[in-house]
Amino acid sequence: MTTDVPGDAATIALRSARLAAQGLAGGLGSPREVVERLVCVQAQDLAAAKWVLGARVPGSQEPTIDAAIDDRSLLRSWPMRGTLHFVAPEMLRPILGLTSARLMQRAAKTHRDEGIDDQVHAAARAIAIRDLEGGRSASRDELQAAWEAAGIPIAGQRGYHLIWRLAIEGLLCCGPIDTRARQRFVLLDEWSPARSGDPDDPDDALARLLVGYARGHGPVTVRDFAWWSGLTLAQARTARAAAGDALVEMADDRLGVADAASAPGADGPSRHVLAPFDEYFLGYPDRTAFCAPDDVQRVVPGKNGLFLPILVADGEVVGTWRRSPERRGTTTIEVSPFGDDVDLAEFLPAFARWAAFWSTSLGEVTRVGAPSAG
């Protein structure tokens, strides 16, 4: 469909295996199951991240995801790469134990430039505890207003970096839903207390993280894991040794889970309309198996870190799409295919599923510069 995407049997099999591992081929039973499968789901855009989960849970709607957030089946915080992710509650603290020191080291210059020294940090921490303890929550604006009222400036990105630092050290996390695109902040230890069975040994945490990555993204390499997690290659190799026979060696130095039954597949062609920042695209440093290099630039125009929603046909990224603002309960879609052979009619059931998730009616699905489908 697109140009320069390998069509050999091994690459086709790799795409099929990854679709199944990601929960896109067979579907999963709940948002919690999706997060357990994928371990971490990038979620800096909350609304988009809801569809990342919803696309893998047949029959789900936005309230399904909101309920999983509010009942604490999954957490949203900054566990790795300095970016918001959904993560299983039992894995947040262990992952932070592996990543926080390096994240803080990388952020040191930014914090110095923002004037966030130990004294400012301590004052902001004390106010956050004062305003949140006892099961209370605060919006980002409310928390920053409390700091400003106490004489802690929050201009520019300073307030954000204070929240980020308190989350990285395990004090704060995102809590109950506030709006479609925002959550309120809570104290992690109150919202989701640590449990006795949570992994506390670093090597055990490394092993669980790698096995989880392989289960939800595999087949993958140790280098893939280091890139995805933001850990060092040395840590990634330690994780491989600690995982032992929970992983199996595959072709091209890739790893898969020993329990192949954990990734149910589906027969026949598959068509998916996925969110920006979906793990199927974002979860690998090398995307050549499913997206041509020229087309990667269409998914990330300007290389500015902003990803467009994608169309996926049998594991291959074949276009991008965008929604128009809802009018009278109906939402129209504009699609930018990467090739003339992309049949938009094949994607209509996937778009209808997307519309049902958001409780809107699907309007026209239009090929940019060409007649509409449906």
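Arginine 32 is partly exposed, with a relative accessible area of 22%, in what is a predicted model. Its side chain meets that of glutamate 90 in a salt bridge, with N and O 2.9 Å apart, and glutamate 90, at a relative accessible area of 17%, is buried. Because buried means under 20% relative accessible area and partly exposed lies between that cut-off and 50%, the two residues fall into separate classes.

Arginine 32 belongs to helix H2 (residues 31–38) and glutamate 90 to helix H5 (residues 89–113), so that this pair, 58 residues apart, links distant parts of the chain.

## Other salt bridges

In total, the structure holds 20 salt bridges. One of them joins arginine 180 to glutamate 62, the closest N and O atoms being 2.6 Å apart. Since arginine 180 lies in the loop between strand E4 (172–179) and strand E5 (182–187), while glutamate 62 is in helix H4, the pair ties together parts that are 118 residues apart in sequence. Arginine 180 counts as partly exposed at 41% relative accessibility, whereas glutamate 62 is buried, with a relative accessible area of 9%.

Another salt bridge is formed by the side chains of arginine 240 and glutamate 249, at 2.8 Å from N to O. Here arginine 240 counts as buried, at 18% relative accessibility, and glutamate 249 counts as exposed, at 55%. Through salt bridges that share partners, Arg32, Glu36, Glu90 and Arg195 are joined into one network.

## How helices H3 and H4 cross

Two packed helices are described by the angle between their axes and by the distance between those axes. For helix H3 (residues 46–54) and helix H4 (residues 62–70), the axes come within 9 Å and cross at roughly 100 degrees. H3 and H4 are therefore roughly perpendicular to each other, because angles of 65 to 115 degrees count as such.

On the H3 side the contact is made by Leu46, Lys50, Leu53 and Gly54, and on the H4 side by Glu62, Ile65, Asp66 and Ile69. The residues of this contact of H3 with H4 divide into 4 nonpolar, 1 polar and 3 charged. Glutamate 62, one of the H4 residues in this contact, is also the partner of arginine 180 in the salt bridge described above.

In soluble globular proteins, nonpolar side chains tend to be buried together. In this model the largest nonpolar core has 80 residues, and those with the most contacts inside it are Trp147, Leu172, Phe225, Phe281 and Val317. Helix H10 (residues 202–217) supplies the largest share of this core, 8 residues. When residues up to four places away in sequence are not counted, leucine 172 touches Ser77, Ala128, Leu132, Leu143, Ile163, Leu166, Ala167, Val186, Leu187 and Leu188.

## The covered helix H8

Helix H8 (residues 158–168) is mostly covered, as 10 of its 11 residues are buried. The buried residues of H8 are Arg158, Gly159, His161, Leu162, Ile163, Trp164, Arg165, Leu166, Ala167 and Ile168. What covers them includes strand E2 (75–80), H5, helix H6 (118–132), helix H7 (140–149), E4 and E5. After H8 comes glycine 170, whose phi is positive, near 85 degrees.

## Loops and backbone features

Serine 192 has its place in the loop between helix H9 (188–191) and H10, where it counts as buried at 8% relative accessibility. Leaving aside neighbours within four places in sequence, serine 192 is in contact with Leu75, Pro89 and Arg93.

Most residues other than glycine have a negative phi, and most peptide bonds are trans. A cis peptide bond, with omega about 0 degrees, joins glycine 218 and proline 219, and proline 219 is found in the loop between H10 and helix H11 (222–229). Arginine 81, although not a glycine, has a positive phi of about 60 degrees; this arginine 81 is found in the loop between E2 and strand E3 (83–87) and counts as partly exposed at 24% relative accessibility. Aspartate 314 likewise has a positive phi, near 50 degrees, and lies in the loop between strand E9 (310–313) and strand E10 (316–323), where aspartate 314 counts as partly exposed at 37% relative accessibility.

Note on methods:
Residues are numbered from 1 along each chain as its sequence is written. This is a predicted model: local features need pLDDT of at least 70, side-chain atom pairs count only at pLDDT 80 or more; totals for chains, interfaces and linings use all residues. Side-chain values use heavy atoms; hydrogens and water are left out. Axes are lines fitted to C-alpha atoms, for helices over the stretch in contact, and angles run from 0 to 180 degrees between N-to-C directions. Helices (H or I, at least four residues) and strands (E, at least two) are DSSP runs, numbered from the N terminus. Angles under 35 degrees count as roughly parallel, over 145 as roughly antiparallel, 65 to 115 as roughly perpendicular and the rest as oblique. Contact means heavy atoms within 4.5 Å. Ala, Val, Leu, Ile, Met, Phe, Trp, Tyr, Cys and Pro count as nonpolar, Asp, Glu, Lys and Arg as charged, and the others, Gly among them, as polar. A salt bridge is a side-chain nitrogen of Lys or Arg within 4 Å of a carboxyl oxygen of Asp or Glu. Buried means under 20% relative accessible area, exposed over 50%, partly exposed in between (1.4 Å probe, protein chains only). A nonpolar core is a set of buried Ala, Val, Leu, Ile, Met, Phe, Trp, Tyr and Cys residues joined through side-chain atoms within 4.5 Å.
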